[in-house]
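This briefing covers the contact between two chains, then some local features. Please view the sequence and the structure first.

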Amino acid sequence: MTPITLNPGFVLILCALVRFVTPARFRLPLSILASGVALWLLLDRNFGAAGVVAQIGLPVVLLNLDALNQVFGIAFIGATMLIAIYSGARRHAFEDSALLLLAGGAVSALFVGDLISFVAAAELAGLASVWALFASPLPRSSEAGARLLIWCGLEGLLFLIGVAFHLSAGAANTAFTRLDAGTLGGGFIFAALLIRIGAPGAHVWLKDAVSHASSAGGAALAVFSPMLGVYALARLFPGDVLLTPIGEVMLALGALYMVAEDDLRRAAAYALTTQIGVCLLLIGLPSPVAQADVSAHAFTTIFATLLLLMALGMGVMRTGGARGSELAGLARQMPMSTAFMTLGALALAGLPGFGPFASLTLALEAQVQAEHQPAWLMISALCAVIAGGLALRIAVGAGRPSPQRSAMHEAPFQMLLGTGLAAFLCLAVGFAPSWLYALTPTTALNFNPFALDVLAPHVELLAAAGAVYLIAAALKLVPAERPLRLLDLDALYRGPAAAAGRRIGVVMIRLYGGWDMNWRQLWGRVGTAFSGWAESCDRPYGGGWMGLAQFVAIGAVLVIILLVRI
Amino acid sequence: MSEPAKKHRRGALAGWLFVCAIAAGAAMALDVAAARPAPWIAASPLGRAAIGAGAAIGVVLAAWLMRLALARRAMQRGEGA
């Protein structure tokens, strides 16, 4: 085993900085090399803490490797490689560095062993995601970046307050280990992590950021930021009862918006919200199978989401958008991209052979063991909803003929390569999930997703859902695709709340202006009076008999003083 | 929509429907054949088919209702995101 105890994420952060001064043709090899080195640092090391230093009297653990962060680390570094390949199709050093910094911050946060370092690394990742949005070439991305910056600021504030309370409550150390959400410090950290994962109320940042980022940026933002939150919740709050209802609401909310949303990248973000909901349902269960499946499901979701968003990103690059209402003809124009879009959505639905199938069936098994039937039912229904409401919607929509699109105009090779590799990884995990199960914290996991009593009901679920949805589509019962935007919670703070804020701002500015003017007038009068008094002091003697009287009085005072002194 | 276009659309839809119907039929047959004690009614044989069909109907209803309640017309790309 290597004696090097460097946090793998630091390599990516260093590479992000070096990329600025690297010639364009060396940038992709540099990113791949950095990812390879990070993976080597991760795999060629025993579990345990290392790199402990003391800062302001607190232990800072820069590297702490165990089974949980190892699984997330492999997924994050793998995703970094795929995104580097995918983004090699275009030259944008500014954004590429931001994406690498985002990956580096997220990977660093995975492997640090104390709360303070975690908050620092997580916020670095958050700021890098804002940077990636500012670097996006899509319209209104700067405004989305500003909104994300506010969410990041709120999250960072909650983190800092939580850590401060945690330390002030007499915590023995800042070890990045189990916390109690019922304490003040734990509660603030819990709230910060809910923002990070896009919990109900904060779910809007995810779809807002993903739909405004570039093709590569959307995939990176969806993968690194919320999944880091899932990891932290699995680490800090395993078995917390609050997570189950939050997960259920995320699942329902994401599914409702996903089926109706016209912008498919936003629909994909909502689909990711549902999968994060599944992760929360698992974290909330205090059973070894559920805790093991958290990392497995996060792993498979990362690659399935990458596949879907990369494929949709190819559509964005070529056609300027990825809307359900503009899909017609895409299957002819971009057949491979369309196939990847459909496969990505089917993978998220848990189609057998893809990674999420292995983790979703295990999630169902964990809910059965815990006798938690509502969650079992919701996860089962979710698979069917994604299959019908996203996968088949894309497949049928892209198969529609369009008079505008005829010539084939596929995405650049590097984008196809990156997306193809994501599909390959999904399939590799899906067909041979045992190696993923072996990596999870519960190594004695004995589950075969291809057993007939697991496989047949799941295929039955998806196929029945698909058949009913397609019959409904054939009967024109499914609403027609048309350009629209759905109001969500952000419409409140971007619409009425923003207008009210502007009005309040105008009133406040006027009030301030009035107060400032009165204040200036008051001070002007005081100044005039003071200067008059000062001028009167400069000329103490008045004219006429008053001057003589003053002269006599002062002279008398001086004579008295002299007499007294003598 | 022209006649060839209609045929094309129907062809794509029919192809997917054929795949789903065959898969559903085969899976339901296997599910019934491999019937085992179910922990609760939804996990019993053909229970998943019922859940899937119900979810698909739910998708259609949710799409209608959500669009009816929350949809606003997008004037241009990138608006309202």
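**Pairing across the chains**

In strand β1 of chain B, B:R72 is the bridge partner of A:R485. The model is predicted.

**Interface between chains A and B**

- The contact involves 57 residues of chain A and 46 residues of chain B.
- On the side of chain A that touches chain B, the elements giving two or more residues are α8 (204–212), α10 (243–260), α16 (373–399), α19 and β3.
- Of these, α19(A) gives the most, with 20 residues.
- By class, this side of chain A has 40 nonpolar, 10 polar and 7 charged residues.

**Chain B**

- Chain B has 2 helices and 1 strand, in the order α-α-β along the sequence.
- Of the 81 residues in chain B, 25% are buried.

**A:E481**

- A:E481 lies in the loop of chain A between α19 (452–474) and β3 (484–486).
- A:E481 counts as partly exposed because it has 18 C-beta neighbours inside 10 Å, while a buried residue needs 20 or more.
- Apart from neighbours within four places in sequence, A:E481 contacts A:D262, A:G324, A:S325 and A:G397.
- A:G397 is 84 residues away from A:E481 along the chain, yet their C-alpha atoms are separated by 8.4 Å.

**Helix α6 of chain A**

- Helix α6(A) spans residues 141–168, 28 residues in total, and reaches 40 Å from its first C-alpha to its last, close to the expected 40 Å.
- After α6(A) comes A:G170, with a positive phi near 85°.

Key:
Residues are numbered from 1 along each chain as its sequence is written. Chains are lettered from A and ligands numbered from 1 in the order in which they are written. This is a predicted model: local features need pLDDT of at least 70, side-chain atom pairs count only at pLDDT 80 or more; totals for chains, interfaces and linings use all residues. Helices (H or I, at least four residues) and strands (E, at least two) are DSSP runs, numbered from the N terminus. The expected span of a helix is 1.5 Å times one less than its number of residues. A residue is buried if 20 or more other C-beta atoms lie within 10 Å of its own, exposed if 12 or fewer, and partly exposed in between; C-beta atoms are placed from the backbone. Two residues are in contact if their C-beta atoms, placed from the backbone, lie within 7 Å. Ala, Val, Leu, Ile, Met, Phe, Trp, Tyr, Cys and Pro count as nonpolar, Asp, Glu, Lys and Arg as charged, and the others, Gly among them, as polar. Two strands pair if DSSP finds at least two bridges between them.
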